[in-house]
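Morning, everyone. Let me put the structure up, and then we'll walk through a few spots.

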Amino acid sequence: MSRLRTILDLALGDFRERARRYSFLLTLGAAAYLAYTVHAGWWLVRIGEYAPASGPVRLGMLVAQATGIILSLVGFYVVKGSVERDQRTGVGQILAATPAGTRLQYTAAKFVSNTAVLGAMLLVLGALAVAMAWWRSGVSAAAIWQIGAPTLLIAAPTLVLVAGLAVLFDSVPWLRGAAGNVLYFFVWSGLIGASVAGSPALDLTGYALIHDSLREALAAARPDVSASGLTVQLRPGGLPDVTRFEWAGVSWSPGAVAWRLYWVAAGTGLAGLAALFLHLFDPFGDRSGSREEDAEENGAEAGDPDEEAAASTGTAAADAGTTARGDGTARSPAGGFSASGLPSPRAASAVRAFLRTAGGELRLLVSGHAWWWYGLVAAASVAAFLLPSGTPPQTVLLAAWLLPVSAWSSLGCRERQHGTEQMLFSAPGPRLRQLPAQLAAGAGLALLTAAGPVVALFLSGDLVSLAALGAGAVFVPALALCLGAWSGSTRPFEALYVVLWYIGPVNGVPFLDFMGVSGQAVEVGASGWFTLSAAALALLAWPGRQRQMSAVG
Amino acid sequence: MSRLEIESVSKRYGDLWALRDVSLEIDRGVVGLLGPNGAGKSTLMRILATISRPTEGRVLWEGRPLTDDPDRLRRTLGYLPQEFGLYPRLTAREFLRYLASAKGLDADERLEQLLSVVNLREAADRKLETYSGGMRQRVGIAQALLNDPDLLIVDEPTVGLDPEERARFRSLLSELGGDRIVLLSTHIVSDVEATAQRIAVLDDGHLRADGPPEELLAAVEGRVWEAVVAADRLPDLRSRYPVASAAHRADGAHVRLVADGPPTENARQVDPSLEDAYLGLMQDGREDGGEGR
């Protein structure tokens with residue numbers, strides 16, 4: 001079988017696996033909704049007070065911009081995670097044992113599959129744009145080209161690059177989890193910002209291309225006006241009044257087309273680069289070096305065939321009374337596998353049982369991080385007391401509350417991610433105790449990582465800000481719990497949280513500032529809003545957990 | 001009244017009936033649940049573990065339906081699923097402590113001793129991601145015993161265990177079955193033979209037999225044969241009879257099979273084993289074409 005055929009077969013299998021999921025339909029639904037926002041006039045692209053006249057040309061440009069801004073962000077989180085899924089399900093190891101299992105072929109197949117998924121979203125968006133044009137004024141061949149050209153030449157290359165980035169993030173072990181999901185938001189912000197710079201080599205979203213074309217058209221239509229700077233706005237209603245001018249669309253010179261194909265090449269290159277980092281077929285490869293460290297610590301390498309052979313036969317141990325085993329355990333000849341005389345466990349009261357469960361959840365959230373994680377948490381706490389006067393202590397939360405993202409995102413979906421559902425759902429109170437305990441633990445983690453600001457606010461007597469911080473500490477895990485319980489994945493929370501973080505606390509939008517960093521959020525009583533939202537999200541998590549339990553059964 | 005009563009339980013997934021009209025009453029002891037892959041064993045286990053609900057029928061624990069108050073059973077249930085995961089970054093001790101917390105137990109002392117029981121004490125502080133399959137299975141066994149369960153459900157528990165561990169685990173199950181109910185689901189007949197005082201056989205979602213091992217053995221008494229045949233006759237014998245074993249030797253293939261009469265001229269009758277009884281039962285079921293279902 002040729003390599004190309006192998007890649008296509010692998011990609012097709014991967015695409016089918018994704019396309020047959022319920023979430024794929026939701027994804028296409030989201031693309032359709034995006035098309036609706038274009039149709040409903042929520043998008044405005046303008047230069048100063050001037051905007052291109054309505055028609056298929058403008059529609060095609062809006063599809064390209066909606067893709068560049070929205071799908072390039074959302075699409076990444078939609079397609080990311082397929083390598084992790086293969087590791088979790090063991091499919092990766094099966095593929096590794098076949099001739100097809102070379103790294104480059106594997107990442108190439110993932111790249112093609114990612115592109116196909118994003119392409120399906122773009123197809124829905126583009127097809128609906130054509131349908132809208134037809135609905136308004138009928139559709140001609142020219143109109144199809146006017147909509148199709150920006151879709152194919154601006155939007156599609158953007159998504160190809162996103163597909164390549166997703167493969168790269170999936171393949172680099174430390175980018176595979178929450179850190180990668182948070183980092184991508186900054187990468188995406190950087191790419192959007194770079195598009196504005198004007199160089200075609202940085203213009204992923206086609207912003208500069210459209211800007212130049214619009215500016216030329218405006219100059220021709222209104223020589224008396226000197227306006228520049230393209231503004232892209234998305235607002236449900238309430239868009240500012242603008243003066244319309246005729247625009248024939250981007251002139252597709254060979255050079256312009258070549259610059260768009262450059263992004264296709266870049267996406268392909270990223271997928272190739274990903275193969276260098278991929279350790280799909282070694283379950284310990286994710287932690288380069290740590291396996292050896294573990295072996296040194298434990299005196300054994302788990303999973304080593306020689307060790308397993310030793311395990312089945314047993315070898316003489318230094319201690320004559322024991323038998324050493326390849327897995328590092330030791331067995332007394334007379335002992336083991338007898339339960340007689342074991343102390344009985346004590347069943348706790350309902351309150352104590354809840355506290356124990358919450359304590360266990362909190363230990364789980366806090367444990368297992370690298371040493372620097374704890375160092376940064378401690379540093380953030382100290383920093384709350386070293387801020388310049390006039391700076392609210394909760395400002396440090398902008399950094400401190402990025403640290404627990406991976407822990408929060410596991411709420412509500414950890415059982416599914418690790419296959420422990422049956423053990424936990426058959427334990428008492430999978431909804432009444434375990435779910436609230438997870439919420440309490442998540443809030444506890446928020447307060448632990450905010451220890452410095454909490455103490456500083458308390459000492460300063462600023463109880464209103466303290467209450468706002470407390471509301472945020474409950475709101476964030478409630479959001480994570482709800483999204484985790486319904487999606488079974490960590491990604492929705494990780495993606496949404498970083499967007500909320502950027503819009504709310506960083507940019508000071510009061511009703512999204514869940515940290516209470518801006519004084520305005522405190523003044524308008526946003527803490528009440530976040531408390532109510534937390535309660536609603538926690539209640540919504542309940543049927544999500546019920547759905548998880550039904551799925552296991 | 002038995003402690004555990006399974007009354008005409010059926011379970012349907014879409015158009016497929018995974019269980020049909022299964023009834024059992026169990027008071028104590030090890031009950032082996034045998035059946036081929038896809039027979040409905042794990043479905044029944046999940047229903048008894050309160051994870052799944054029957055489509056029809058009901059299950060009663062100490063006289064009360066499970067659906068009324070599943071937590072009543074959960075407090076005293078130990079469950080080892082057929083497939084389960086662990087949190088790879090935790091150590092075995094941390095993981096078991098977490099599960100004890102999730103079950104609302106104060107079980108630190110018992111936890112430490114359970115680590116010894118399953119021979120993981122020395123590896124208890126290693127991260128679970130470094131564990132072999134057998135070690136992971138032993139963690140699963142330990143978590144099922146955390147609450148000293150009155151009902152212990154173990155689904156294919158010996159998967160991944162080496163022969164020595166398997167033998168030890170069987171004796172642990174026998175010991176536990178003395179004063180509680182142990183439900184052992186497996187398709188490995190020798191596991192059941194070594195531990196169970198009672199055997200229930202599921203096939204295609206139906207309960208095909210339920211009784212002590214002796215009862216199953218009596219059903220194939222006089223129907224088990226051993227013969228030495230030419231190797232090229234083996235395919236024919238396999239197509240006509242359930243073959244328990246076939247070993248190639250210098251003088252030909254040594255075959256052990258279940259048949260109503262002598263399958264070859266030189267066949268000699270031998271005492272049946274539980275595996276013979278199981279194969280005979282499965283064969284009878286197929287020949288009956290589902291009679292009694």
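Which backbone oxygen does the side chain of T195(B) reach? That of D191(B), at 2.8 Å. A polar contact here is a pair of N or O atoms within 3.5 Å; within protein, one must be able to donate a hydrogen and the other to accept it, and residues adjacent in sequence count only if both atoms are side-chain atoms.

Some ground rules. This is a predicted model: local features need pLDDT of at least 70, side-chain atom pairs count only at pLDDT 80 or more, and totals for chains, interfaces and linings use all residues. Residues are numbered from 1 along each chain as its sequence is written, chains are lettered from A and ligands numbered from 1 in the order written, and side-chain values use heavy atoms, leaving out hydrogens and water.

Back to T195(B). It sits in helix 7 (residues 189-195) of chain B. Helices (H or I, at least four residues) are DSSP runs, numbered from the N terminus; so are strands (E, at least two). T195(B) is buried, at 4% relative accessible area. Buried means under 20%, exposed over 50%, partly exposed in between (1.4 Å probe, protein chains only). Beyond four places in sequence, T195(B) contacts V30(B), R170(B), L173(B), S174(B) and L184(B). Contact means heavy atoms within 4.5 Å.

Now chain A. In helix 4 (residues 82-89), S82(A), V83(A), R85(A) and D86(A) are buried. They cover an arc of only 160° around the axis, so they lie on the same side of helix 4 of chain A. That arc uses directions from the helix axis to the C-beta atoms. After helix 4 of chain A comes G90(A), with a positive phi near 85°.
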